[in-house]
Amino acid sequence: MGDKENSWFWRDYWQQGQLACCLSDDLRAGYDGLLAETWADFFARLTDRASILDVCTGNGGAALLAAKAARNLGCSFDILGVDLALIDPAAHVKIDPDLIRAVRFEGGVDAAALPFEDGRFDAVTSQFGIEYAGLDHPALEAARVLKNGGRLRFVVHATKGIAEEGARHELTLVPTLGSARLHEALRRALKAVDSLNRGQGTRSEAESAVEQFIGEIEELDSKLKDHPNQATILTLGRRLLRLFEAMETAAIPDILREVDASERSVEAHLLRLEALAGAASTEEDITCAVGAMRVAGVDARYHALMDGPDMLAWVIEGLKR
Ligand SMILES: C[S@@+](CC[C@H](N)C(=O)[O-])C[C@H]1O[C@@H](n2cnc3c(N)ncnc32)[C@H](O)[C@@H]1O
């Protein structure tokens, strides 16, 4: 992923108000579990008034954990969350307003070219972030903007980790889904009914377009019927059916706008999954980044964060000499 224009699918996602992404809600080790505990341990090692930079912050998943840690520790941190996408968590995330106010957020900031002077922060963090920006460059940028004696911590997607495997699995379903065809069938059905209502089209044209749409939905249902996975993408058929049924109560031009939005959201979802699958790092990638940081003066090391038999992520931690 390169420039800000390429971040639209992240911006759209964060505008929905999600606090985090990448791990499905049903994972017990997700954002509220093990991950949050390990962040709390890290933040507890920082001193009162520490300045923290959270890069690739999204809606502030890790930055808000820093704010929570400060509250629990009875201290205050100066927390800045930055992301390449144009984020605005205060406008979209429904969470304790005091926590949101405890973090400043800035969009349009590339983790691989941080607009901060050397040695500015006591801590630099990233949760499922720097690997999306190429890993090595943002790791070196983090090392640069860290003060001597400062700490860094990155949680990074792992190849064969649960997030990457989930994303790859969902991506295999894309051809089965046929999102473009489904959306187009719904548009045709809506327009044909609209024409009929306005006395322009014929009843048989409308019936045939509706039948085709229902046929598409039934075909999708039968293909996915025995699918054990509850991937987001599998709910598309149900969502489109609801839009079709909305004809009873809403104006068709309004529904057509929602169909466009739905197609765009599927596209965005797939782009995020592809970005995740592409960002997942091998142990060799991690070793390289750690080596580069050591050369840059950070005593860095890494480990695998496991949840029982499942690998959640790589964790890189470091202290700048
Ligand atoms: C998987 S999300 C993680 C967000 C958040 N840290 C969390 O834990 O929920 C990855 C984020 O990286 C951001 N990103 C991707 N490339 C970036 C870059 N070059 N510089 C800064 N942010 C970037 C995306 O916009 C997205 O918000």
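Reply: Domain bounds here come from an automatic or database domain assignment. The model is predicted, so that local features need pLDDT of at least 70 and side-chain atom pairs count only at pLDDT 80 or more, while totals for chains, interfaces and linings use all residues. Residues are numbered from 1 along each chain as its sequence is written.

Me: How far apart do the C-alpha centres of domain 1 and domain 2 lie?

Reply: The assignment gives domain 1 as 4-161 + 280-320 and domain 2 as 166-276. Between the C-alpha centres of these two domains the distance is 36 Å.

Me: How many residues does the contact take from domain 1, and how many from domain 2?

Reply: Two residues are in contact if their C-beta atoms, placed from the backbone, lie within 7 Å. Counted in this way, the contact draws on nine residues from domain 1 and six residues from domain 2.

Me: Is Gly 81 buried or exposed?

Reply: Gly 81 has its place in strand 2 (residues 78-82), where strands are DSSP runs of E with at least two residues, numbered from the N terminus. A residue is buried if 20 or more other C-beta atoms, placed from the backbone, lie within 10 Å of its own, exposed if 12 or fewer, and partly exposed in between. Because 28 other C-beta atoms lie within 10 Å, Gly 81 is buried.

Me: Which residues is Gly 81 in contact with, leaving aside its neighbours within four places in sequence?

Reply: With those sequence neighbours left aside, the contacts of Gly 81 are Asp 54, Thr 57, Gly 60, Ala 63, Val 103 and Phe 105.

Notes: Helix = DSSP H or I, 4+ residues; strand = E, 2+ residues; numbered from the N terminus.
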